[in-house]
Amino acid sequence: MSLPSKVKLVDVGPRDGLQNEKQTVPAAVKIELVHRLQDAGLKEIEVTSFVSPKWVPQMADNAQVMAGIQRKPGVRYSVLTPNLQGFEASVAAERQFWPDEIVVFAAASEAFSQRNINCSIAQSIERFRPVVEAARAKGIYVRGAMSCAVGCPYEGDIAPERVAMLAGMMKDIGVQHIGVADTIGTGTPVKVQRAVEATLRHYAINDISGHFHDTYGQALANTLTCLHMGLWQFDASVSGLGGCPYAKGATGNVATEDVVYMLHGMGIETGIDLDKLIDAGKFISDFLQRKSGSLAATALFNKRA
Ligand code: HMG
Ligand code: MG
């Protein structure tokens, strides 16, 4: 399989990256981060989640953040919606503030499903069904996320068969695109390849993306494996921010800067200006008073000085 010549990256930093932050990140900072990411050339940004503020307090300002963004033509803005209540909240404002895309998120592990969204996998699919219908009726694109597609913090390794089953359930209810998520970053290339192969039983390669947390330093290797399988869409998080509050010990997504550095070094286009992306990462890292989680950004930043 030849490598793709172009790759689309979705920066999930404002959502996955910040959802687990203990300190309050003001809406203005989140909005500025989104602006910097779009200025750097990101074509899709996962902005926030319309989830329960009791479960994820950091995302409680979801509507304020969505309303504060000065949208750039050609950029898609996505949000997580776990149920109809969340979806309705995401479209409660005027149309100009609606998301272009929503994400319904299930897990290939029963234990993680219970901990993260307080219901079984089957119940989650029944909850998503009306969400998918309502979103598609409004012309909003529906992406699905499959958490724990490789490993689970409570159940350990997850069999590819379970990933295939979940992908089939998502397909049946009309989810248009599916993300294979390594929530806790335990995946290694062959395991990730098997999870993607399982997903391919139900979704075409053009409708699958990779979402790799980098807890064990495997995310770039997993990304490369997927590129060789023909995948060309990946989530990543600026500065490698993030983690899921219901996946203890899991660190952030692969840093967008590291993925861009690798892809550009392979002659693969992303449309992203790495210098501007590094500045966006510096902006949020400075706010959080934390070192960047991107090795490429750190090396390139030090070279500037
Ligand atoms: P529940 O407690 O079972 O919900 O939570 P409920 O329907 O029984 O309602 C209980 C209360 O929550 C009620 O309020 C509802 O109004 C409220 P009360 O009457 O007690 O005041 N509520 C809501 N409020 C705002 N927005 C909503 C909403 N729904 C109910 N949408 C629920 C079920 C799904 C809501 C909860 O478990 C939840 O919000 N979970 C979200 C957890 C989360 O956001 N996790 C992180 C994102 S997933 C992730 O990071 C993984 C991913 O990156 C891929 C990967 O890496 O694996 C995507
Ligand atoms: Mg995630």
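A polar contact is a pair of N or O atoms within 3.5 Å; within protein, one of the two must be able to donate a hydrogen and the other to accept it. The exercises below concern a predicted model.

**Exercise 1. Describe the setting of R143 and state which side chain makes a polar contact with the side chain of R143.**

Solution. Step 1: locate the residue. R143 belongs to strand β5.
Step 1: The limit for a buried residue is a relative accessible area under 20%. R143 has a value of 6% and is therefore buried.
Step 2: list the surroundings. Leaving aside residues up to four places away in sequence, R143 touches V10, E44, E46, S78, E101, I102, V103, V104, V175, H177 and D235.
Step 3: find the polar partner. The side chains of R143 and E101 are in polar contact at 2.4 Å.

**Exercise 2. Determine in what order the eight strands of the barrel follow one another, and how β5 is joined to β8.**

Solution. Step 1: follow the pairing. The barrel closes in the order β1-β2-β3-β4-β5-β8-β9-β10, with parallel pairing. From one strand to the next, the twist averages 25°.
Step 1: examine one pair. Strands β5 and β8 run parallel and are joined by four bridges. M146 has V180 in β8 as its bridge partner.
Step 2: Helix α6 lies across β4 and β5, and runs at about 170° to β4.

**Exercise 3. Check whether the span of helix α7 agrees with its number of residues, and identify what covers its buried residues.**

Solution. Step 1: compute the expectation. Helix α7 comprises the 13 residues 160–172, which at 1.5 Å a residue should span 18 Å.
Step 1: compare. The end C-alpha atoms of α7 are 18 Å apart, in agreement with that expectation.
Step 2: name the buried residues. In α7 these are V163, A164, L166, A167, G168 and M170. Residues three or four places apart in an α-helix point the same way, because there are 3.6 residues a turn.
Step 3: identify the cover. The elements covering the buried residues of α7 include β4, α6, β5, β8 and α8.
Step 4: look beyond the helix. G174 follows α7 and has a positive phi, near 95°.

**Exercise 4. Identify the protein donors of the magnesium ion (ligand 2) and their spacing in sequence.**

Solution. Step 1: list the donors. They are D16 (OD), H211 (NE2) and H213 (NE2), at 2.1 to 2.3 Å from the ion.
Step 1: write the spacing. In sequence, the donor residues follow the pattern D-x194-H-x1-H.
Step 2: D16 is in helix α1 and H211 in strand β9, 195 residues apart, so that the pair links distant parts of the chain. Both D16 and H211 are buried.

Conventions: Residues numbered from 1 in each chain as written. Chains lettered and ligands numbered in written order. Predicted model: local features only at pLDDT ≥ 70, side-chain atom pairs only at ≥ 80, totals over all residues. Heavy atoms only, no water. Helix = DSSP H or I, 4+ residues; strand = E, 2+ residues; numbered from the N terminus. Expected span 1.5 Å × (residues − 1). Buried < 20%, exposed > 50% of the residue type's maximum accessible area, 1.4 Å probe, protein only. Contact = heavy atoms within 4.5 Å. Donors = N, O, S within 2.8 Å, 3.2 Å for Na, K, Ca; no water. Pairing = 2+ DSSP bridges. Axes fitted to C-alpha atoms, helices over the stretch in contact; angles between N-to-C directions.
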